[in-house]
Amino acid sequence: MPESDLASIWVYLSASPLLGLTVTLLAYIAAHSLYVRARQHPLLNPVITSVALLIALLSVTRTPYGTYFQGGQYVHFLLGPATVALAVPLYQQVAKLKSLWFPVVVTVGFGAIASGFSSMAIARVLGASLETQLSLAPKAVTAPVAMGISEQVGGLPSLTAALVVLTGIFGAAIGVKVFELMGIADDSVKGIAMGIAAHGIGTARAFQVSAEMGAFSGLAMALSALFSAAILPGAIGWLIGLGWL
Amino acid sequence: MAWKNTKTCVEPMEMTFLHGIALLLSYELLGEAIAFHLPIPGPVLGMAFLFLTLWLRRQPVPESLATASTSLLSHLPLLFVPAGVGVMVHGDRIAAEWLPVLAALIFGTLFVAISTAAVMAATKALWTQSRHA
């Protein structure tokens, strides 16, 4: 085939959403099979690998992100119903919540505020711009909700998405060791802390320890998403209004 | 002819999935409509309403909803990918601010894991004590 034909096919395909959608799925499938083959090594998290693959592909073909996202948006759109779907595992754990509702609510409320403001404060002290600080605020919240919060407070949702995944990977990697060093053996305590610090990726790690730790982690993740979405935008808006940010 | 079999082809299972997805989208729509004037993401409100509905019903999760939410949540990591690729737009920002970002990720996460574990252990001890007293 003459090169000009190839080029015109490329021009035609790259303008259609089909290409962006297809490469997203293919990159994820490849990344996931690599992850499974590496026995689920935390550093080979399929989100990181597939994002890296896609960025490399877009850079090599000089495709702007906006062109890619015309196809990617069909996958991205499903984050909305997936967030709503988190109500189901939350409801399935409601019996566990009942006996410990008070400590869980206090801890998650504290965690939502501590997580949002500690990451902003650290970044601020080290000279990060306001937009970066705001993008960091919801970094421990499950990604679909974190991106919504980031948008609300004036951060960059796509930067937040990457930071959320990195936070989850780091938290899942260190959490169990940290609780061991603290001398904590209670699975409900470890699970709650893991869910607040490292959302879904931490929850997956918690399930490897025990079903109880996993259930509490999932509960903390969902509650923390609700609390953070309810508290952070208002609190940050208030601080901005005071001129403190 | 294949099309003549459509009635028997539509298994209850497929309609179940469709009902579940339609229910999730309806709650999202409701959340978006109410969140329009609020500083809370619409899907989060949708999640809260769906949780309240399930809680007030006090019955097991309907099969349609369980099917749809399990299939969506089992592919949750894939759904972050298009947004994650968007980080390429922020290459310059990350090159300039990698140190505060990395420090916030590492020390923020350590602080949250340690402090929430401590708060949970303390409040749980107080709570069980007061209930047995």
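Predicted model: local features only at pLDDT ≥ 70, side-chain atom pairs only at ≥ 80, totals over all residues.
Helix H13 of chain A, residues 211-242, has the length you'd hope for: at 1.5 Å a residue, its 32 residues should span 46 Å, and the end C-alpha atoms sit 45 Å apart, which agrees.

**H13(A) and its partner H12(A)**

- H12(A) packs against H13(A) at an angle of about 85 degrees, and the two axes are 6 Å apart.
- That angle falls in the 65 to 115 range, so H12(A) counts as roughly perpendicular to H13(A).
- Sorted by class, the H12(A)–H13(A) contact brings together 13 nonpolar, 11 polar and three charged residues.

**H12(A) against H11(A)**

- Helix H11 of chain A (residues 157-181) packs on helix H12 of chain A (residues 187-209) at about 80 degrees, with 8 Å between the axes.
- H11(A) therefore ends up roughly perpendicular to H12(A).
- On the H11(A) side, the contact residues include A:Val164, A:Thr167, A:Gly168, A:Gly171, A:Ala172, A:Gly175 and A:Phe179.
- H12(A) answers with residues including A:Lys190, A:Ala193, A:Met194, A:Ala197, A:His199, A:Gly202, A:Arg205 and A:Val209.
- The class count for H11(A) with H12(A) is 12 nonpolar, seven polar and two charged residues.

**Two non-glycine residues with positive phi**

- A:His199 lies in helix H12 of chain A, and has a positive phi of about 35 degrees despite not being a glycine.
- A residue needs 20 or more other C-beta atoms within 10 Å to be called buried; A:His199 has 30 such neighbours, so it counts as buried.
- A:His199 is also one of the H12(A) residues that touch H11(A).
- A:Arg62 is another non-glycine residue with positive phi, near 50 degrees.
- You'll find A:Arg62 in the loop between helix H3 (46-60) and helix H4 (65-76) of chain A.
- The cut-off for exposed is 12 or fewer C-beta atoms within 10 Å; A:Arg62 has 7, so it is exposed.

**Chain B on its own**

- Chain B has six helices and zero strands, giving the pattern α-α-α-α-α-α along the sequence.
- Of the 133 residues in chain B, 39% are buried.
- Among the chain B contacts with a separation of 6 or more, 43% link residues 24 or more positions apart.

**Where chain B meets chain A**

- On the chain B side, 65 residues are in contact with 91 residues of chain A.
- The elements of chain B giving two or more residues to that side are H2 (12-35), H3 (42-57), H4 (63-74), H5 (76-85) and H6 (91-132).
- Which element gives the largest share of the chain B side? That would be H6(B), with 26 residues.
- By class, the side of chain B that touches chain A splits into 51 nonpolar, 10 polar and four charged residues.

Technical notes:
Residues numbered from 1 in each chain as written. Chains lettered and ligands numbered in written order. Contact = placed C-beta atoms within 7 Å. Helix = DSSP H or I, 4+ residues; strand = E, 2+ residues; numbered from the N terminus. Nonpolar A, V, L, I, M, F, W, Y, C, P; charged D, E, K, R; others polar. Expected span 1.5 Å × (residues − 1). Axes fitted to C-alpha atoms, helices over the stretch in contact; angles between N-to-C directions. Parallel < 35°, antiparallel > 145°, perpendicular 65-115°, else oblique.
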